[in-house]
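Please report on one helix of this structure and on its sheet. Keep it brief.

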Amino acid sequence: MTRILLRGAQVITMASHRPDAERCDVLIDGDSIVGVGVGLDDTGVEIVDVTDRIIMPGLVNAHLHTWQTALRGVGVDWTLADYLGRMHGAVAKHYRPEDMRVGTLAGALSQLDRGTTTLGDWCHNTPTPEHTDAAIDGLLSSGIRGVFLHGTPYSAADAAHPVSEIDRLLDGPAGTHALLTFGMAVRGPQLSTPDVAVTDFRAAAERGIVVSMHQSGGVPGPGWDAVRAAGLLSPSTNVVHGAGLTDEWIKILVDAGASVTCTPENELGQGHGSPVTGHLLQLGAAPSLGTDTDAVNPADVLSAARIALAHQRARDHDHHRQTTGAFSLTATITAKQALAWATVEGARALGLDDRVGRLEAGMQADLVVVDGAGPRLWPSTDPVATALYAGAADIEAVMIAGRWRKRQHALVDVDLDALRGQLQESADHLLPNLVD
């Protein structure tokens, strides 16, 4: 790898000690950032002119069922019950390993195109090791930084997570890949007996990996009390959705350092419940963001950030109106906070906040270049707003670990025509089984 100097952009570092945005340069050596500032040494470097651009940390999609990409859009009118019945009750069992691979590959590349550099791949259709390995191969082939969260099919019996499979992954060749880490996507306390929930949490703790679970559509069950009593809540605990958790339980999770990943478009549309953003903010915490499934809604993290921001502002305005008779005269949440949910908080939720989510010396060179001069964003009067408003067409370039994955608005080293054919073949195979 070469030394690269990105020169002339407005830079949003997301570092707490720096301005919201600043005109400065970013120096990259190999896979890491070695400097962010002005007057950086440009001896022996490749200089890339990024004038009129905005550079920000790569986005983090902390929760996506990437294996479902071939069924993109089929569930646009599905409720949560429809999704569970049709996706998990009907079509999931018809997935072949090759469907897992191409779906994961296409979904990960779609994320790259939208500026996501780190993906929490919540893979809960792994009936055989071959299915698991195919999904991982798709993730690695995309070039994205991935956290593969190994789950089990919803059709499986309530039993402890297969830790032998987790150990196989951790000890195998993929376990040493620089861009891939592993975690456990467990049924969790809402969907497991207390003994199973405790066993799964303990297995993750013993291996030092993230344990992630769904919680929505109902109040916390006895499994939550069992996990707390066992002292197993920690910063490695990731709760997806969180809808149905009481204020007391959200405080317990925040106090333990656990993360909550909201998928606002999916939660509002399917019936999970309202995003718990406000509950977290009241406790000095914040959500990470995910998009859940391409089968139901677009997998766009910046859209998720905008929806979460607008939804919580609306709730805050309603609360202020109920207590004072008028909407709030000041913004209760800033655009910078929403951008942090899609970067800093996502990195923390996936256990990668020491590597990604901010642009600072020593961090991995995972970043996005937004074309601030494009017709949809010009004039760029506020870099943070411009970054938050960006769509896939505005993402000019994406870098992961010092390597360009998108340049000049096009993915690098990808045969899209071949991929389209493979994805269509997978869709043709799967679609007839939605009505089993």
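In helix H7 (residues 222-229), the buried residues are Gly-223, Trp-224 and Val-227. Buried means under 20% relative accessible area, exposed over 50%, and partly exposed in between (1.4 Å probe, protein chains only). Helices (H or I, at least four residues) and strands (E, at least two) are DSSP runs, numbered from the N terminus. Seen down the axis of H7, its buried residues fall within an arc of 100 degrees, so they line one face of the helix. The arc is taken over the directions from the helix axis to the C-beta atoms. Pro-222 and Ala-229, on the other side of H7, are exposed.

This is a predicted model: local features need pLDDT of at least 70, side-chain atom pairs count only at pLDDT 80 or more, and totals for chains, interfaces and linings use all residues. Residues are numbered from 1 along each chain as its sequence is written, and side-chain values use heavy atoms, with hydrogens and water left out.

The buried residues of H7 pack against these elements (contact: heavy atoms within 4.5 Å).

| Element | Residues |
|---|---|
| helix H5 | 188-191 |
| helix H6 | 194-207 |
| strand E10 | 211-215 |
| strand E11 | 237-241 |
| helix H8 | 247-255 |

After H7 comes Gly-231, with a positive phi near 70 degrees.

The open sheet has 8 strands in the order E6-E7-E8-E9-E10-E11-E12-E13, with parallel pairing. Two strands pair if DSSP finds at least two bridges between them. Strands E6 (59-64) and E13 (288-289) stand at the edges, each with a single partner strand, so one side of each is left without a neighbour in the sheet. E13 runs parallel to strand E12 (residues 259-262), joined by 2 bridges. Thr-261 stands opposite Ser-288 in E13.
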